[in-house]
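Keep the viewer open and follow along.

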Amino acid sequence: MTGRHDVAIVGAGPAGIFAALELARLRPDLGLVILEQGPDLDARACPIHKRSQNCAQCSPCSITTGWGGAGAFSDGKLTLTTEFGGSLVEYMPEDEVQRLVNHVDGIYLEFGAPKELHGQDSGALRDLARRAAGAELQLVPAVIRHLGTDRCMEILGELRRYLGSRAEIRTGARVERVEVGADGVAGVTLGDGSRLEARYVALMPGRAGAEWMAREAARLQLPLAANPVDIGVRVEVPADFLEPLTEVAYEAKLVYNTRAFDDQVRTFCMNPHGEVVVENYGGLLTVNGHAYAGRKTDRSNFALLVSKTFTEPFHEPITYGQHVARLANMLGGGVLVQRLGDLRAGRRTTEKRLAKGMVRPTLKDATPGDLSLVLPYRHLVDILEMLTALDKVAPGVNSSHTLLYGVEVKFYSSRLSLSQVLETRIPRLFAAGDGAGVTRGLVQASASGVVVAREIARREGQPCPQ
């Protein structure tokens, strides 16, 4: 055995960090270890962020793994509502989830988040909602606190320093499997074959660990439910085009039901004056977007995601999403980029055609190509229909010069069957965050970690806040 602990947390993303933080405050006497397969915060380095603009396909990827999880290099948007970012309302009353959201927001403020809020109710927001409705788009209001990718890293650094003296933190520690004894969870086995004993184990591996989580659930015979799989593209336009949305709501959360297939398409992760980036999931390259508090570009980007829930007998949505992403990687050696005009004309974007365009890609490593050879027909039709609708509230978005990067896939597609306190059927084995299919964003991921920590503290005799 490599040691005995009271609580072992697998994953140092927002769920794991906030679970550790809550436990350290409620029960500082408990022996706590955080196990993270990626590097520590100060060792997380990506060639793209060094401005070389080339993905080196590092393993593990410094963007998706390491202290802070995939959220470390994200746009750092805190969505302060129960309606987005996860499914916690399916486990507990909505007012309780909102209290958790407020609690988490307070901690982010404590560790350096800005006080400014975006998307609060206003005449301009109501007017935008009316114009969106005229285009058959539903604007779902959401108050957002924007950290920015650079400030997000600073806050994570403060959290790392705070927890450094209150918990054992092991980075570069890949968990191979969960160990179960006669009366419940017993600990974990690490990638090097060593074993660590723990009375409680909390699985919080994030999006990068979703596939591992699904495999472990199957091995441990833990029931899984298929979440919708979200597949789409990242759209990049001149920043001016999105200002009718971003100046009012910062991130406009718009939902559209397509006429062709009645599928739901939604905007996701708007990055005003941001840049498009690559994410590496064990050699599988997908696309995302970032925006910074202290550095701005003249372009903005956002994702368009098509949500599909599969029915029996199919039960591998993660594998399906990976397959689509691999097609793009196969054709372009990574992420593909295509001008919208070329896609509509049924032709591939070439370097020459890209150079003629009015929008220059912020992701220099993307390969000009043809997304119609990658995305299923149904997804393509849905995305093109959504862009036509969006153009009515943000004129120019549907321009032939608009850039589409593919593919963007969200790997939170298998949800463990959990109790109201996010415990599996194996006693003292908990699961939370994006990797467990419970959440889809920073705030609810953080809140889910708090839920687990409070339940462990309660069982250890510590009354928890209501």
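## H1 against H2

Start where two helices touch: Pro14, Phe18, Leu21, Glu22 and Arg25 of H1 meet His103, Val104, Ile107, Tyr108 and Glu110 of H2, with contact meaning heavy atoms within 4.5 Å. Sorted by class, the residues of this H1–H2 contact come out as six nonpolar, one polar and three charged. The classes work like this: Ala, Val, Leu, Ile, Met, Phe, Trp, Tyr, Cys and Pro are nonpolar, Asp, Glu, Lys and Arg are charged, and the others, Gly among them, are polar. The packing angle of H1 and H2 is about 85°, and their axes are 12 Å apart. H1 and H2 are therefore roughly perpendicular to each other. On the naming, helices (H or I, at least four residues) and strands (E, at least two) are DSSP runs, numbered from the N terminus.

Some housekeeping: this is a predicted model, where local features need pLDDT of at least 70 and side-chain atom pairs count only at pLDDT 80 or more, while totals for chains, interfaces and linings use all residues. Residues are numbered from 1 along each chain as its sequence is written, and side-chain values use heavy atoms, with hydrogens and water left out.

## H1 against H4

What does H1 meet in H4? Ile17, Phe18, Ala20, Leu21, Ala24 and Arg25 in H1 are in contact with Leu156, Leu159, Tyr162 and Leu163 in H4. By class, that H1–H4 contact holds nine nonpolar, no polar and one charged residues.

Helix H1 covers residues 14–26 and helix H4 covers 149–164; they pack at about 40°, with axes 11 Å apart. Axes here are lines fitted to C-alpha atoms, for helices over the stretch in contact, and angles run from 0 to 180 degrees between N-to-C directions. H1 and H4 are therefore oblique to each other (under 35 degrees counts as roughly parallel, over 145 as roughly antiparallel, 65 to 115 as roughly perpendicular, and the rest as oblique).

## The eight-stranded sheet

Next up is an open sheet of eight strands with mixed pairing, in the order S4-S12-S13-S16-S11-S19-S17-S18. Strands S4 (138–139) and S18 (367–368) sit at the edges with a single partner strand each, so one side of each has no neighbour in the sheet. Strands count as paired if DSSP finds at least two bridges between them.

Within this sheet, S12 (residues 254–257) and S13 (residues 264–271) pair antiparallel over three bridges, and tyrosine 256 has valine 265 in S13 as its bridge partner. Helix H6 (residues 239–249) lies across S11 (229–238), S12, S13 and S16 (299–308), and runs at about 115° to S11.

Is S8 mostly covered or uncovered? Strand S8 (residues 184–190) is mostly covered, with six of its seven residues buried. Buried means under 20% relative accessible area, exposed means over 50%, and partly exposed is in between (1.4 Å probe, protein chains only).

Glycine 187 is a handy landmark: glutamate 179 has it as bridge partner in S8, and glycine 187 stands opposite glutamate 197 in S9. The S8–S9 hairpin has four residues between its strands, and glycine 193 in the turn has a positive phi of about 95°.

Most residues other than glycine have a negative phi, and most peptide bonds are trans. Glutamate 136 has a positive phi of about 65° without being a glycine; glutamate 136 lies in the loop between helix H3 (123–134) and S4, and is partly exposed at 41% relative accessible area.

Cysteine 269, also not a glycine, has a positive phi of about 55°. Cysteine 269 is in strand S13 and counts as buried at 12% relative accessibility. Then there's the cis peptide bond between glycine 406 and valine 407, with omega about 0°; valine 407 lies in strand S19 (residues 403–410).

## Two asparagines

Asparagine 329 lies in helix H7 (residues 317–332) and is buried at 15% relative accessible area. Beyond its neighbours within four places in sequence, asparagine 329 contacts Gly283, Leu284, Leu285, Gly334 and Val335.

Asparagine 102 is in helix H2 (residues 94–110) and counts as partly exposed, at 47% relative accessibility.
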